[in-house]
Amino acid sequence: MKQATKCVQSGWKPKNGEPRVLPIYQSTTFKYDDSDKMADLFDLKDNGYFYTRLANPTNDCVASKIADLEGGVGAVLTSSGQAASLFAIINIAGAGDHIICSQTVYGGTYNLYGTTLPKLGIECTFIDQNADDAEIEAAFRPNTKCFFGETLSNPGVQVFDIERFAAIAHRHGVPLIIDNTFATPINCRPFEWGADIVTHSTTKYMDGHALTVGGVVVDSGNFDWDAHAERFPGLTTPDESYHGLTYTKQFGKLAYTTKLVAQLMRDLGSIPSPMNAFLLNVGLETLHLRMQQHCRNAQAVAEFLQQHPRVAWVTYPGLPGTKNHELARKYMPGGTCGVMAFGLKGNRDDAVAFMDRLRLIAIVTHVADARSCILHPASHTHRQLSDEQLQQAGIAPDLMRLSVGIEDKDDIIDDLRQALEG
Ligand SMILES: *Cc1c(COP(=O)(O)O)cnc(C)c1O
């Protein structure tokens with residue numbers, strides 16, 4: 001099936017007489033007639049539902065639609081994108097281990113990997129994704145467990161050279177994990193370029209309407225854990241909390257996702273509500289249509305901003321003449337996303353005055369939904385930092401993150417024009 005068909009039809013496959021639309025299984029628990037069946041479920045000997053903290057049919061249908069869209073073998077929904085970024089790592093790394101991450105990733109991921117994971121004993125080295133191979137390879141250690149980057153970084157919209165970094169990760173015997181939130185599987189399928197695991201904040205384009213916070217972890221099934229067995233003992237040696245079963249032996253290509261559910265969801269419990277999974281599924285049904293409109297609109301808006309005399313700079317991968325654009329053409333020939341970063345000539349106060357004049361484009365701490373919105377990190381999310389500290393964090397004091405929605409592009413441009421010239 002093509003991506004558009006999967007958006008609409010994957011996941012829920014009703015049998016004769018069943019509801020056409022995915023039902024919301026709003027139930028914490030599931031009933032069985034005999035206790036042996038239930039015991040087998042607890043031992044992972046049989047498939048079936050028993051408690052929604054581990055698995056729920058509504059959630060599973062939506063996860064399998066996303067797995068289909070990404071071309072993966074399995075997926076697990078999480079309660080937020082942050083939970084997906086956490087679980088993707090701690091499913092294969094623990095105290096005493098080390099990970100490598102691009103330094104341009106989303107601020108929430110940067111804090112999680114740079115501040116919170118070290119408190120749990122997992123160290124992170126942040127690398128410059130524009131550095132040469134030798135410098136990046138120097139970051140690998142014997143206890144490194146994965147390499148993490150974003151297809152399109154938030155908020156800088158830098159394109160990650162997936163094929164190059166997959167080759168580097170594999171040379172060092174670790175998987176490449178890609179946060180594919182901004183590109184979505186409509187515009188990029190990282191597994192086709194060698195990535196092993198994909199995460200998303202489904203809160204963004206997948207939901208698309210700013211209704212639900214959620215995340216997902218998808219496994220390609222391609223990474224050979226057994227070939228690096230000593231590096232990934234959690235997957236390749238017996239799990240005593242399940243009577244000594246070994247995930248790679250028992251579940252093959254589904255080892256990683258099965259462990260994530262059976263251990264991490266069981267113990268840490270970050271499932272979305274079935275109601276939220278249902279809403280996410282409604283969003284996914286139009287993902288392919290919305291992404292086209294986001295990209296068309298953003299291209300027009302970026303071109304408008306670029307030629308405006310009050311605008312100092314614009315970063316959008318759809319604008320030609322940069323390395324970022326060349327990478328975008330390789331990995332996302334059909335378009336990238338609706339998000340761009342730009343700055344005005346002037347200072348912080350000029351940026352604030354410009355934003356206050358906007359009428360249609362709302363100032364919100366969100367990005368990548370149907371409504372156009374804008375954020376100025378220096379006066380919002382990062383307002384406690386000085387200009388100097390902002391520069392160190394890689395955020396220009398004048399950087400505004402504009403998320404172009406699916407309204408008519410002329411209305412969005414008119415709003416920007418009157419605010420620029422007001
Ligand atoms: C928003 C975001 C996250 C975090 O997701 P939440 O759903 O807000 O927890 C992670 N990665 C990227 C790229 C994001 O934009």
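A polar contact is taken here as a pair of N or O atoms within 3.5 Å; within protein, one must be able to donate a hydrogen and the other to accept it, and residues adjacent in sequence count only if both atoms are side-chain atoms. The model is predicted, with local features needing pLDDT of at least 70 and side-chain atom pairs pLDDT 80 or more, while totals for chains, interfaces and linings use all residues. Residues are numbered from 1 along each chain as its sequence is written, and side-chain values use heavy atoms, with hydrogens and water left out.

| Side chain | Distance to a ligand oxygen |
|---|---|
| Asparagine 154 | 2.9 Å |
| Threonine 203 | 2.6 Å |
| Lysine 204 | 2.6 Å |

Of the 380 Å² of accessible area that the ligand has on its own, the protein covers 92% (Shrake-Rupley method, 1.4 Å probe). The ligand is surrounded by 14 residues, the closest being Gly81, Asp179, Ser201, Thr203 and Lys204, where a surrounding residue has a heavy atom within 4 Å of the ligand. This shell divides into three nonpolar, eight polar and three charged residues, with Gly counted as polar and Asp, Glu, Lys and Arg as charged.

The chain itself is divided into domain 1 (3–282) and domain 2 (289–421), with bounds from an automatic or database domain assignment. Their centres, taken over C-alpha atoms, are separated by 29 Å. Domain 1 gives 29 residues to the contact and domain 2 gives 29 residues, contact meaning heavy atoms within 4.5 Å.
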